[in-house]
Amino acid sequence: MKSGFVTILGRPNVGKSTLLNTLVGSKVSITSPKPQTTRDAIQGVLTRPEGQIVFVDSPGIHLAERELGRRMQREIDRAAQGCHCVLVVVDATRRPDRGDRAAIEKAAALGLPTLLALNKIDRLKDKRELLGLIVEYQGLHDFAEIVPLSALSGEQTDLLVKLLLERLPESPPFYPPEFITDQPERFLAAELIRERILHETNEEVPHATTVAIERWEEHPRLLRIAATVYVERAGQKAIVLGKGGAMMKRIATAARESLEACFERKVFLEIFVKVKPKWRDRPGFMRTLDQRRFALDAVTLDDEEPDGPLLFDDPDDEGGEDGPDEDVEAAEGPSAAETDPLR
Ligand SMILES: Nc1nc2c(ncn2[C@@H]2O[C@H](COP(=O)(O)OP(=O)(O)OP(=O)(O)O)[C@@H](O)[C@H]2O)c(=O)[nH]1
Ligand SMILES: [Mg+2]
C-alpha cells in the first residue's frame, strides 16, 4: 500500500482549497473568491484501497506585510515539513506571474517530486490554449507531471490521485480510513463562519476579520455555539452588522446552515462582533486565538474587555441601535421552544 504526505502550494486564489475538498470528497478547508482565504496548514486525508494521501493545504504565497501574513508564511513552511511530494497549483486561465514563480521556487527548494496542477480548465473556451501554457511551465521547472484539471467540476482529479499515489512510498496508512482532517471541530466551526463573512463582504473587511469560538455546548439534539467575530475598526464592524443588523443576520443564517451540514445536527448559533484594533499586528492576540480554537478549556481572550454574560436573544429582535460589545449581534437557530434544552 502507498501512503504519504502531499503539500499543496500556490499563490492565493488559484483553487488550492477547492482542490483539496474535491480530492478528499468533503469540505475540510474553506474557499472564497477573495485571495488569502486560507490562513493555516490544513490536512485533508484521502483513503483508497490502493493507498492513503494526506494532503496539506497551505495559505497562498504572497508578500507578507503584517504579522498575520508572516504567520501565514510560516504555516506554508509547516505544511511542507515531512511531505513526500509537492503539488503546485496554478490558474490555467492566466500566464504564470511572480506569485506562481515564487510557489515553484519554494517547491524546487524542497527537492521533492513536484506535480503541477493547471486548475480551472472548465473556464477555458479552447483547451488548445493549454499547450502553450504547459510549454511555459515546463521551462520554469522539471515537473514530474503536469495535469490540467478542474477542482470545481472534478474533471481529471482522479488522474491526479493516480499519479500522486505512484510517487508515494510503500507504507501503511498514517490515519484510520474514516479520518478526514486534523482540524478540531471548533476550528472548523470558526472557519465556516469566517467563510460566510468572506463571501458577504468586500475590500478590507475579509482580511481584517477573524473568528473565535467562545462557547461550545453539545446537547442531545442540538449544538450550541457562540462565536465572536473580530474586526479592526468600528467602520468594519458597521459593515459586518449592516443596516439594522441585516448583514449579520444573513451571515449568521448562512453560517448556521453550513455548520448544520458539517456537524449533521441542529445548531443554535450566536455571533458577537468586536473591534480589536490592529489585531493582525498583534502576535499575542493571534496566539491566544489559536489556543482558544484548539484548547478544550476556555481561555480568556480579552483581558481589557471582559465578556459580559451571553444573552440568549430572540433571533428576530434587532435590538435597536448598535449596542455594547457584549450584546449578541445575531442569534440563529431552530425554534428555541422546540429544541432548546436550556429553556
Ligand atoms: N471556475 C473554476 N473556479 C475555481 C476552480 N477552483 C477554484 N475555483 C474558484 O477560485 C476561487 C478561489 O478558490 P480557493 O480554493 O479559495 O483558492 P485558494 O488557492 O485556496 O486561495 P487562498 O486560500 O486564498 O490561497 C473560488 O472562488 C473558487 O470557487 C475551478 O476548477 N474552476
Ligand atoms: Mg485556500
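**Exercise 1.** How many of the seven residues of strand 2 are buried?

Solution. The model is a predicted one. A residue is buried if 20 or more other C-beta atoms lie within 10 Å of its own. By this count, five of the seven residues of strand 2 are buried, so the strand is largely enclosed by the rest of the structure.

**Exercise 2.** Work out where strand 2 stands in the sheet, and state its partner.

Solution. Begin with the sheet: six strands form an open sheet in the order 2-3-1-4-5-6, and their pairing is mixed. Strand 2 (42-48) and strand 6 (145-148) each have a single partner strand and stand at the edges, so one side of each lacks a neighbour in the sheet. From one strand to the next, the twist averages 25 degrees. Next, take the partner: strand 2 pairs with strand 3 in the antiparallel sense, over seven bridges. These two strands form a hairpin, with two residues between them. Arginine 48 stands opposite glycine 51 of strand 3.

**Exercise 3.** Describe the shell around ligand 1.

Solution. Ligand 1 is surrounded by 24 residues, and the closest are Gly15, Ser17, Thr31, Thr38 and Gly60. By class, the shell has seven nonpolar, 13 polar and four charged residues. Helix 1 (residues 16-24) gives the most to this shell, with three residues.

Technical notes: Residues numbered from 1 in each chain as written. Chains lettered and ligands numbered in written order. Predicted model: local features only at pLDDT ≥ 70, side-chain atom pairs only at ≥ 80, totals over all residues. Pairing = 2+ DSSP bridges. Helix = DSSP H or I, 4+ residues; strand = E, 2+ residues; numbered from the N terminus. Axes fitted to C-alpha atoms, helices over the stretch in contact; angles between N-to-C directions. Near = placed C-beta within 6 Å. Nonpolar A, V, L, I, M, F, W, Y, C, P; charged D, E, K, R; others polar. Buried ≥ 20, exposed ≤ 12 C-beta atoms within 10 Å, placed from the backbone.
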